[in-house]
Amino acid sequence: MTRFTAFALAALVSLCAAAPPAAAAELNLFAWSEYVPQSVLDGFTRETGIEVNQESYASNEEMLAKLLSGAASYDLIQPSEYIVEALIEEKRLLKLEHARIPKLKNIGKEYWGQAHDPKLEYSVPYMQGTVGIVVNVQKVKEPVTGYADVFQEKHRGRLVILDDPLEIVTWALATQGLGPEQVTKANLEKVRPVLARWLPLVKVYDSDSPKTPLLNGDVDLGIVWSGEAAIVLQEEPKKFRYVLPKEGAHMFIDSLAIPTGAANVAAAYAFIDYVLRPEVSRKISEDFPYTNPNVEARKLLTPAERANEASYPAGKPRLQTFRNIGPVAADVDKLITDLKAQSGS
Amino acid sequence: MTRVSRLFAGWTGLVMLFFYLPIAILVLFSFNESRLNVAWTGFTFEWYAALLRDRVLVRALENSLIVASATTVASVLLGTAGAWLLHRYRYAGGGLLETLIFLPMIVPEVILGVSLLILFVAIGLQLGYATIVISHVTFCAPFVMAAVQARLAGLDPALEEAALDLGATPPEAFRRVTVPYLMPAIVAGALMSFTLSLDELIVTYFTASARTRTLPLEIFGRVKKGLDPSLNAISTVFVVFTVFAVFSAEALRRRNP
Amino acid sequence: MPQAALGVAAGTTGRGRAPGRSGWLLLTPLVAWALAFVVAPALIMLVYSFAQRGTLGGVVYDFTLENYRDVADPVYLGIVIRSLGYAALTTAICLLAGYPVAYAIGRASERSRNLLLMAVMVPFWTSFLIRTYAWVTILNAEGLLNSLLMQLQLVAEPLGLLYTPGAVVLGLVYTFLPFMILPIYTSVEKLDGALIEAALDLGAGPLRAFARVILPLTSPGIAAGVLLVFVPALGIYAVNDILGGGRVDMIGNIIENQFKGNARNWPFGAALGTTLLVGFAAVYAYVNRRQRLAVVR
């Protein structure tokens, strides 16, 4: 090789090594529609120069549909705990290097050791919540402690519940002493009579905005997401209370995860670490009053936010996370459709 | 007949009232103090001010306008061409083609969305304006076609023949005789197409990219957070702007016929 | 022109002459479009309907007929019938309520016509969700209507208007009325005033003039309006979800659930969709054929 060629090659190699990153860095975020405030995204972009392209979804399954199609490559997604479990099983998530997320230590101890991702190897908790009972105490004078109290004949036509078959089924299972990990065909048949009694009492099924009929006075009781309940309590603190059912309540954990095939992994890690900062996480809580898993951020909350019993329930309630139930999900859907049709109009 | 006409006119007034009642609420609540669109608490302009800061929402509106306009143009071309060609000529398989064009009207939006998404991925078409417009046109074009077909059903073929006899070429006859005759149907079809595209949600979810999010996607995304009055504000702004634009266009047209 | 008046509305094919080369050339873009964006996606769905459910959604390509067996399940049959019922009722109300409006606009002066059409459409350029929630605001227990009625002392307790089948029908009629008015308008607009006057001069009362002259001449518009309301109404999911309190599940909701809900059962959704598609295509083709035969005769 001539000296000139060697020199040219060396120059080329050094040029490549010194070359700046190809294009402006970006992050493709696929998140729940209500979860990431624009101010957080703007702050992240200002600091790191990384543009955030955000798409949003209203259900885990919507997210999966677009994720699996391969139409776009996402760098970050926000699955709920039982979807994280399914994604891990299907080897769809990148294993996380905790060294790249120094602020992971801000996550509370109770979020480690959960069934879906015990060592947080694939997901980082973003927001946690519960599914519980909202009671209009001006209309319902007697104490309400659980599902059985809600689904009584005297409350016929005064109930709003989530339009989520899996949720509804697990509530019925809970009254029979069964947990969310026991959703099987046999158990579904077991709770069918319970649900057949319950569903005709419901006036509204709403997973998007159950706060509306509660605030409108169309219903007196509801089994809703804690974030919705927190908004209701914020609006009318004297009129409503939030109660976690004694038979057992769903604790959902929505986490950030990096799907395999993500193009901007570094940006994804940067974002995860960014939202784990207490002052950033606190901004998220401000907009969406779910339970913040970041214990450092909790210290920055206002007393009023901390006192909201829907966001931060007192006591030691019985909380259970959902598990990946596989093909039984189709049977769950059919059961509720059937009973809804029979009880409805 | 005038008594009946007056009756019909009166009924039209009632129907218009019916149409505009929720709109009146919508506009009213855009000035509502409460963040939740539930009860009236007081008057404020803050939500209109919030619009100025809400780049995301405004961009979504721009995207919706771009998509709806492109969809309308394409649907009018496709629908009118389809209706006229199928009316004028007897094609082998013409009935099949007609049924095919109408098919997307019956296909549930989620299925249309998913299957078009799979198709786009298969042929390597990146999600963006093109994919959204294509998916919108598939179910808007039938509306134009139906409107134009209804109008064509009463078209006297003698009209076009007369034009040809008088020395017009077929394209000229089409342009100067058929199109003006079809204009009310084309306008009706365009209005329907624009309206449908503007409010389309599910199909758009599957065929849009992050940068091309439309207004319905943005608004539906905010349901859980609470439909704050800035959404009412942007709806109001858009309607006022469009009505103003159309009135101006009409006024200009009258001045230069 | 009585044959034209018989309204070969939902299908005017077969009346024309043989297409020459230019006729086929002009049709090519349409054929290409139909193949690419109607046939191809429909085929994808057809394939999916014979596949099996994937764990995360999507499909696993193992051939099965079980999805179609599930479609025949009485649970879903009942919902299909309910959907047909609501769609039919909505169409009927839209026709009765919309025809006079279309007539009034079509017979209006040229100046007002386009503006009136715009006036009809403008409300629907606002967000569907906000519009529908505005109805919630009007109809709910503490809402405008009930407040008004209570103030006027017409009722003692608020009426349960919301979250009922009635509210759903109201919402459906509200959504679809413009799509009945506009097509009928296109037929009314070209009505020759002279024809109507002639009928009246010859001694027909307004009712007879309407039934014998106006109605037949506007029947293409009516047929188009029925098509453009009934068919999309079969697929609705959002209006009934919000105004019916999620209790009035229609076929659109069931299919949506398979893709966007817990079920993650795409093949079943595809099977339901394919069944709807085939059903529609069959009915449409049948009606088309009868119309064409009628004209030929």
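Biologist: Which residues touch the most other members of the largest nonpolar core?

Modeller: This is a predicted model, so to speak of local features we need pLDDT of at least 70, side-chain atom pairs count only at pLDDT 80 or more, and totals for chains, interfaces and linings use all residues. Residues are numbered from 1 along each chain as its sequence is written, while chains are lettered from A and ligands numbered from 1 in the order in which they are written. A nonpolar core is a set of buried Ala, Val, Leu, Ile, Met, Phe, Trp, Tyr and Cys residues joined through C-beta atoms within 7 Å, and buried means 20 or more other C-beta atoms within 10 Å of a residue's own (exposed is 12 or fewer, partly exposed in between; C-beta atoms are placed from the backbone). Of the 266 residues in the largest core, those touching the most other members are Leu76(A), Val134(A), Ala147(B) and Val148(B).

Biologist: Thanks! What does Val134(A) touch, not counting residues up to four places away in sequence?

Modeller: Two residues are in contact if their C-beta atoms, placed from the backbone, lie within 7 Å. By that test, Val134(A) touches Leu214(A), Leu221(A), Gly222(A), Val224(A), Ala229(A), Val232(A), Phe240(A) and Tyr242(A).

Biologist: Are α6(A) and α14(A) roughly parallel or roughly perpendicular to each other?

Modeller: Helices (H or I, at least four residues) and strands (E, at least two) are DSSP runs, numbered from the N terminus. The axes, lines fitted to C-alpha atoms over the stretch in contact, with angles from 0 to 180 degrees between N-to-C directions, come within 9 Å and cross at roughly 85° for α6 (165-175) and α14 (328-343) of chain A. Angles under 35 degrees count as roughly parallel, over 145 as roughly antiparallel, 65 to 115 as roughly perpendicular and the rest as oblique. The two helices are therefore roughly perpendicular.

Biologist: How far apart do the C-alpha centres of domain 1 and domain 2 of chain A lie?

Modeller: An automatic or database domain assignment sets the bounds. It divides chain A into domain 1 (23-128 + 253-307) and domain 2 (129-251 + 313-343). Their C-alpha centres lie apart by 27 Å.

Biologist: And which element gives the most to the side of chain A that touches chain B?

Modeller: The contact takes 22 residues from chain A and 19 residues from chain B. In chain A, β2 (51-57), α3 (60-69), α8 (211-216) and α9 (226-235) each supply at least two residues. With 4 residues, the element giving the most is β2(A).
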